Amino acid sequence: SSYEKNMARLNKLEEINTSYKELLAEKNRLNSATPQDSGIAALVDQIAGGLNIAANKTRLDESPGVVQNGIQKITTTVKFEGVTISSLLEFINKLETSNATLKVNKLIITSAIKERSRYDAIITVISLAKR
């Protein structure tokens with residue numbers, strides 16, 4: 001019975017060790033993906049410039065959140081006016097497939113007043129930064 005008890009304890013310890021290794025790997029992945037800078041403004045400008053919609057960007061606001069365990073959550077709001085739907089979708093795709101740790105949290109698209117084939121959009125993005 002002592003042998004069975006000890007084997008059960010060893011199996012439990014092995015489970016804990018496996019969970020620890022998985023958590024450590026996830027932490028390292030997040031640390032390598034999280035930028036040192038203060039947000040994603042430069043990334044937004046780079047993508048918008050590449051898609052020739054930088055002139056359509058009318059607003060970019062960043063709101064830093066609370067720092068927890070050396071990681072800060074930053075909420076960024078980007079507003080575009082008068083862009084085509086294909087440019088807007090390509091922008092969101094490039095943003096989401098970048099190496100930055102971020103998530104598009106909210107997207108509001110409205111028809112532009114001047115042209116029916118153009119749209120205004122407000123994109124809210126949650127990103128992480130090391131502190």
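I take buried to mean under 20% relative accessible area. By that cut-off I find 27% of the 131 residues of the protein buried. The model I am working from is predicted.

**Overall form.** I looked up the secondary structure and found three helices and four strands. Read from the N terminus, the elements go α-α-β-β-α-β-β. I then checked the radius of gyration: 22 Å, well over the 14 Å that the globule rule gives for 131 residues, so the protein is more spread out than a compact globule. The C-alpha trace spans about 80 × 30 × 25 Å along the principal axes. I also looked at sequence separation in the contacts: among pairs at least 6 apart in sequence, 60% join residues at least 24 apart.

**Core.** I listed the largest nonpolar core, which has 19 residues. Its members that touch the most others are Ile-40, Ile-53, Phe-80, Phe-91, Leu-95, Ile-123 and Val-125. I note that at least two residues of this core come from each of helix 2 (41–50), strand 2 (71–83), helix 3 (85–96), strand 3 (102–111) and strand 4 (119–130).

**Pocket.** I looked up the second largest pocket and noted a volume of about 160 Å³. Its lining consists of Glu-81, Gly-82, Ala-112, Ile-113, Lys-114, Glu-115, Arg-118 and Asp-120. I sorted the lining residues by type and got five charged, two nonpolar and one polar.

Definitions and conventions. Residues numbered from 1 in each chain as written. Predicted model: local features only at pLDDT ≥ 70, side-chain atom pairs only at ≥ 80, totals over all residues. Heavy atoms only, no water. 1 Å grid on protein atoms, 1.4 Å probe; cavity = no way out; pocket = protein on both sides within 12 Å on 5 of 7 lines; lining within 4 Å. Points joined across faces, edges and corners; volume = space filled by probe spheres on them. Nonpolar A, V, L, I, M, F, W, Y, C, P; charged D, E, K, R; others polar. Core = buried A, V, L, I, M, F, W, Y, C linked by side-chain atoms within 4.5 Å. Buried < 20%, exposed > 50% of the residue type's maximum accessible area, 1.4 Å probe, protein only. Rg over C-alpha atoms; globule rule 2.2 N^0.38 Å. Contact = heavy atoms within 4.5 Å.
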